[in-house]
Amino acid sequence: MTDRKLFVGAAIRRLRRGANMTQVALADALDISPSYLNLIERNQRPLSARLMLLLADRFDFDPRQLVADEPGGGLAGIRRRLADPMFDDLTIDKSELEEWLTASPNTAAAFVRLFDNRPASQFPGEQEMVDPIEFVRREIDRWQNHFADLDSMAETLADELRLISADLYGAIGERLRSKHQLMIRVLPETVLPGTLRRLDLHARQLQLSETLDPASRTFQAALLLAEIEARAEIDGLVSGAHFKDDAARSFYRRYLSSYFAAALMMPYARFLRSCEQTGYQFKVIERRFGASFEQVAHRLTTLQRVGARGLPFFMIRIDRSGLVSKRFSGASHSPMVESADRCSFWNIHRVFDRPFELDTQLVELEDNSMWFTFSRAIQGIGTGLAGETSEFAVGLGLSADHGASLYHARGQDISPDNAVPIGLGCPVCTRDQCPQRSMPPKNRTLKFDERETGLTAYKFVRD
């Protein structure tokens with residue numbers, strides 16, 4: 001994987017044009033000939049490691065973005081969109097898509113934009129629907145889940161609170177009391193049935209349920225501080241998103257407030273330093289910052305400060321049925337986040353019966369990219385009407401190229417021979433002879449043989 005040739009002509013061309021530079025000017029800055037740069041931009045020559053470092057220094061960006069900066073998530077992303085039922089009558093093979101992405105990346109990007117933003121009313125018999133959560137997720141992805149101004153402000157505030165007390169929860173409580181005349185009060189579950197947090201402005205109280213664990217209590221207190229002291233910054237980000245839907249604005253505001261709260265609990269520089277010192281050892285990081293596994297997992301997807309970037313993690317959270325309730329790709333641009341479905345061979349589906357046990361797995365997708373993943377089951381807070389407690393599985397992952405530096409990968413052989421081949425869900429997966437296949441892939445012609453039965457009921461024409 002580390003020896004893979006990088007053909008990233010479209011990304012180089014966008015960087016150059018964004019800087020208003022001609023090919024001659026950029027070639028001169030890189031100490032290469034204009035004709036050689038032209039071949040790179042046309043994907044007829046790969047980008048060398050030396051040129052990648054020179055470009056990163058010239059344009060001040062993360063070199064990993066070049067690999068990931070393909071329209072719609074690259075080949076896997078385009079194939080996922082083409083799995084839509086509207087394309088069922090078309091048979092488009094892998095080589096055709098590869099040629100399209102190489103020869104006309106801007107046209108592919110236009111297709112992605114049109115597909116992702118199409119109104120539902122374009123399809124007969126369907127009513128137009130607005131998904132505010134999807135709009136918010138796209139905006140978060142546009143920022144790569146890193147909001148530098150919020151991080152900086154939260155870091156400054158965290159330093160101020162440390163002067164008050166080493167106990168962050170107590171320090172937040174004291175600031176709320178002295179500066180905003182608000183008290184924190186923990187109430188019995190019978191007083192707050194079905195409620196974890198309530199702001200009673202008449203009584204000037206932030207009322208928290210006794211069912212909240214210490215990490216959640218700190219987060220809720222930090223959330224209120226974010227809503228008060230970071231209001232102007234959050235308002236600016238919400239306004240800049242240009243949402244037309246009130247629900248989307250509300251969801252985005254809530255997310256940004258939560259982002260600030262997490263940044264207050266886990267200040268950027270101290271958090272990144274702890275990650276690097278421990279090799280991203282999750283349990284140690286949780287204890288250092290008084291945070292839960294899910295809070296740490298979420299924070300890992302945000303570490304994209306210029307000049308101080310962490311590893312590019314993605315995060316996803318599912319329930320037992322496989323329904324996704326959280327997904328953040330961060331700077332990983334992993335198709336495992338974007339996919340509507342998941343492969344049952346990914347261990348995230350197998351951790352529910354082993355709570356609090358971290359499961360690592362090296363997986364390989366059909367595009368030959370390898371990902372080192374971590375899965376762990378978690379429980380929600382409180383109980384429902386039937387006395388049931390919610391359960392989720394949190395999946396973390398990053399490119400296997402970064403796996404060797406991780407504490408949890410020590411002693412493991414991170415090589416293609418040890419990777420578990422998986423897909424992005426049966427509708428878009430074209431791996432044949434898969435014993436777990438539940439349905440045939442879209443856009444593939446089925447084959448039938450009355451004399452032979454294979455591992456799966458579905459046989460289809462390969463690319």
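1. Ground rules. Residue numbers start from 1 along each chain as its sequence is written, and side-chain values rest on heavy atoms, with hydrogens and water left out. As the model is predicted, local features need pLDDT of at least 70 and side-chain atom pairs count only at pLDDT 80 or more, while totals for chains, interfaces and linings use all residues.

2. The sheet. Three strands make an open sheet in the order E1-E3-E2, with mixed pairing. Helices (H or I, at least four residues) and strands (E, at least two) are DSSP runs numbered from the N terminus, and two strands pair if DSSP finds at least two bridges between them. E1 (183-187) and E2 (197-200) are the edge strands; each has a single partner strand, so one side of each has no neighbour in the sheet. From one strand to the next, the twist averages 25°.

3. E1 against E3. These two run parallel, and five bridges join E1 to E3 (residues 205-209). Leu 187 sits opposite Ser 209 in E3.

4. Helices on the sheet. H11 (residues 168-180) packs on the sheet and touches E1 and E3, its direction making about 125° with that of E1. Contact here means heavy atoms within 4.5 Å. Axes are lines fitted to C-alpha atoms (for helices, over the stretch in contact), and angles between N-to-C directions run from 0 to 180 degrees. H12 (residues 214-229) lies across E1, E2 and E3, at about 150° to E3.

5. H15 with H17. The axes of H15 (residues 268-278) and H17 (residues 293-300) come within 12 Å and cross at roughly 100°, so the two helices are roughly perpendicular. For angles, under 35 degrees counts as roughly parallel, over 145 as roughly antiparallel, 65 to 115 as roughly perpendicular, and the rest as oblique. Tyr 268, Phe 271 and Cys 275 from H15 meet Val 296, Arg 299 and Leu 300 from H17. That contact has five nonpolar, no polar and one charged residues. The classes are nonpolar (Ala, Val, Leu, Ile, Met, Phe, Trp, Tyr, Cys and Pro), charged (Asp, Glu, Lys and Arg) and polar (the others, Gly among them).

6. H2 with H3. Here the axes of H2 (residues 23-30) and H3 (residues 34-41) come within 8 Å and cross at roughly 105°. Gln 23, Val 24, Leu 26 and Ala 27 in H2 meet Pro 34, Leu 37, Asn 38 and Glu 41 in H3. By class, this contact has five nonpolar, two polar and one charged residues.

7. Salt bridges within helices. The count comes to 21 salt bridges, each a side-chain nitrogen of Lys or Arg within 4 Å of a carboxyl oxygen of Asp or Glu. In H9 (residues 132-142), Asp 141 and Arg 137 lie four residues apart, about one turn of the helix, and their side chains meet at 3.5 Å, N to O. Asp 141 is partly exposed at 22% relative accessible area, whereas Arg 137 is buried at 14%. The cut-offs are under 20% for buried, over 50% for exposed and partly exposed in between (1.4 Å probe, protein chains only).

8. A link across the sequence. Glu 286 forms a salt bridge with Arg 376, with the closest N and O atoms 3.5 Å apart. Glu 286 is in H16 (residues 282-289) and Arg 376 in E9 (residues 370-379), so the pair ties together parts 90 residues apart in sequence. Both Glu 286 and Arg 376 are buried.
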